[in-house]
Amino acid sequence: MKINQSKNDEANWFAILLLVNFLTVTFWIVSQNVDVYRFAIVGAIFELFWLPIIASLLLMPFVSIFFWYKDKFKKKSKFVYLLLVSLLSIILALFA
């Protein structure tokens, strides 16, 4: 029972972290390509969320490494791919 529950928890964490990474990158790309200060409410929402978005973008590789460590650095772990995606997201945010 415990083995199935840990695999289920691992899959849940992977899905949550992948969703957070996708939302972070989407927010970043949209905010860089749209005039967020054209409307006051959109600018206020942007100002409210930009710091947590930057923090999640920078912390995601460390969280991926932590979960990969918990998975005993298996080559077939999902968190290796999450680490690569999060590093690519940082590169995209820096150069886009």
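Helices here are DSSP runs of H or I at least four residues long, and strands are runs of E at least two long. With that in hand, let's start. What we have is a predicted model. How many helices and strands are in the protein? Three helices, zero strands. Read from the N terminus, the order is α-α-α.

Now the overall shape. The protein has 96 residues, and a compact globule of that length would have a radius of gyration near 12 Å. This one has 16 Å. Along the principal axes, the C-alpha atoms fill roughly 55 × 30 × 15 Å.

Next, the surface. The accessible area is about 7300 Å². Carbon and sulfur atoms account for 74% of that. And the inside? Buried residues are 28% of the 96.

On to the core. Which residues form the largest nonpolar core? There are six: Phe14, Leu17, Met60, Phe67, Phe79 and Leu82. Helix H1, residues 2–33, gives two or more of them. So do H2 and helix H3, which covers 78–95. Take leucine 17 from that set. Set aside its neighbours within four places in sequence. Leucine 17 then touches Met60, Val63, Phe67, Phe79 and Leu82.

Contacts like these bring up sequence distance. Count the contacts between residues at least 6 apart in sequence. Of those, 60% join residues at least 24 apart.

Leucine 57 first. Is it buried or exposed? Its relative accessible area is 8%, under the 20% cut-off, so leucine 57 counts as buried. What is around it? Leaving out neighbours within four places, leucine 57 is in contact with Thr24, Ser89, Ile90 and Ala93.

Then leucine 48. Here the relative accessible area is 59%, which is over 50%, so leucine 48 is exposed. Leucine 48 also belongs to a nonpolar patch on the surface.

To recap. Three helices, no strands. A core with residues from H1, H2 and H3. Thanks.

Key: Residues numbered from 1 in each chain as written. Predicted model: local features only at pLDDT ≥ 70, side-chain atom pairs only at ≥ 80, totals over all residues. Heavy atoms only, no water. Patch = residues over 30% accessible without salt bridge, like charges linked within 9 Å, V, L, I, M, F, W, Y side chains within 5 Å. Areas by Shrake-Rupley, 256 points an atom, 1.4 Å probe, with all protein chains shown as cover. Salt bridge = Lys/Arg side-chain N within 4 Å of Asp/Glu carboxyl O. Buried < 20%, exposed > 50% of the residue type's maximum accessible area, 1.4 Å probe, protein only. Core = buried A, V, L, I, M, F, W, Y, C linked by side-chain atoms within 4.5 Å. Contact = heavy atoms within 4.5 Å. Rg over C-alpha atoms; globule rule 2.2 N^0.38 Å.
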